[in-house]
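Hi,

Here is the structure I promised to pass on. Have a look at it first, and my notes on what turned up follow below.

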Amino acid sequence: MKVTEHLEKAKGSTLFSFEIVPPQKGQNIQELYDNIDPLMEFKPPFIDVTTSREEYVYIPKENGLLDKKITRMRPGTVGICASLKYKYNVDAIPHVLCGGFTKEETEYVLVDCHYLGLDNVMALRGDARKDQQYFEASNGGNRYATDLVKQINDLNKGKYLHEIIETPYKANFCVGVAGYPEKHLESPSLESDLKRLKEKVAAGADYVVTQMFFDNQKYFNFVKKAREMGIDVPIIPGIKPIAVKRHLQVLPQIFRLDLPQDLVNAIEACRHNKEIRQVGIEWAIQQSKELIEAGVPVVHYYSMGKSSNIKAIAKELF
Ligand code: FAD
């Protein structure tokens with residue numbers, strides 16, 4: 001079922017959903033299921049599965065030099081989605097990236113999703129590769145998420161690449177895109193970024209999921225501005241519970257977001273990670289309560305592969 005249909009069916013009550021990250025290759029898939037199992041009692045209508053950018057690895061050669069090889073360390077997004085769909089009877093949403101894929105490869109991924117009965121896809125540009133300072137599109141790949149949304153929308157019209165086929169059998173994907181309450185790190189202003197978001201919606205995006213934020217006012221302000229600009233699709237807030245002290249540095253650095261001083265103070269006063277985890281859980285509960293009271297359609301949690309803190313939050317709210 002499409003995300004938009006789940007929202008209609010919920011008739012205004014707030015749903016619970018979360019995002020998972022595929023395991024590193026070589027690891028056991030069971031660990032992923034062990035983390036998902038405890039969250040299923042909260043009846044998520046959908047689960048997102050991320051896709052990671054490709055990266056370089058260096059293989060030692062006999063002559064002492066290194067071979068530079070490109071690889072994906074966390075493959076399997078579409079396969080995991082199919083497995084979740086049939087194992088848990090839940091809608092699983094693959095994240096489809098521009099970066100690292102040609103449009104042809106993207107078409108293969110989308111055709112797989114269609115055949116597997118996945119009704120939703122999340123269309124994202126992807127970040128710059130670890131070895132690159134700025135994002136570079138692949139040769140023959142999509143440059144911006146808007147271009148990818150257009151490609152998906154073409155398939156929804158039965159239009160394949162190069163228009164070599166005309167078919168009455170159309171895909172029917174519901175398309176999610178990313179939104180940034182504190183603006184995307186490369187964007188000159190929140191207004192510019194919202195104009196880009198409006199383009200994604202005009203290209204066919206059906207809903208927005210936001211980057212994590214720790215101050216609800218940022219989300220409320222973002223939604224208000226988006227509505228004023230005519231962006232009328234559902235905007236789902238993304239919440240991440242802080243779990244370790246290092247998050248105080250890495251989250252602002254990676255996502256260019258602000259952490260409220262009260263949260264920073266509470267974490268700095270903790271003596272060990274167990275206490276920090278509890279502060280993160282309580283902060284996320286308070287954030288979620290206020291969002292639910294404000295009538296958000298879904299609270300979407302970034303689990304980063306670990307479920308115990310998400311479960312502690314969900315138990316209080318769903
Ligand atoms: P876009 O919408 O293309 O925007 C990227 C930047 O370009 C923005 O600054 C925008 O303002 C600007 N822009 C857009 N169009 C134009 C244009 N025509 N001309 C000039 N500038 C333009 N990353 C992953 O690698 N894997 C994932 O699974 C993943 N999941 C995510 C899930 C969510 C909910 C969110 C919020 C982010 C996720 N990301 C993921 C991160 C995302 O890929 C990065 O934030 C990326 O840098 C931007 O992606 P986007 O889809 O927002 O890009």
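Helices (H or I, at least four residues) and strands (E, at least two) are DSSP runs numbered from the N terminus. The crossing of α10 and α11 is right-handed, meaning that the near helix is turned clockwise from the far one by less than a right angle. On the α10 side, Arg277, Ile281, Ala284, Ile285, Ser288, Lys289 and Ile292 meet Ser308, Asn309, Ala312, Ile313, Glu316 and Leu317 of α11, where contact means heavy atoms within 4.5 Å. By type, that contact has seven nonpolar, three polar and three charged residues (Ala, Val, Leu, Ile, Met, Phe, Trp, Tyr, Cys and Pro are nonpolar, Asp, Glu, Lys and Arg charged, the others, Gly among them, polar).

A word on provenance: this is a predicted model, in which local features need pLDDT of at least 70 and side-chain atom pairs pLDDT 80 or more, while totals for chains, interfaces and linings use all residues. Residues are numbered from 1 along each chain as its sequence is written, and side-chain values use heavy atoms, without hydrogens or water.

Asp262, Leu263, Ala266 and Ile267 of α9 touch Ile276, Val279 and Trp283 of α10, a set with six nonpolar residues, no polar ones and one charged.

Next, Leu32, which sits in helix α2 (residues 30-36). Buried or exposed? Leu32 is buried, at 6% relative accessible area (buried is under 20%, exposed over 50%, partly exposed in between, with a 1.4 Å probe and protein chains only). Beyond its neighbours within four places in sequence, Leu32 contacts Ile20, Val21, Pro23 and Ile80. Leu32 and Lys306 are 274 residues apart in sequence, yet 8.5 Å apart C-alpha to C-alpha.

Overall, the protein chain has eleven helices and ten strands, and 50% of its 318 residues count as buried.

Cheers
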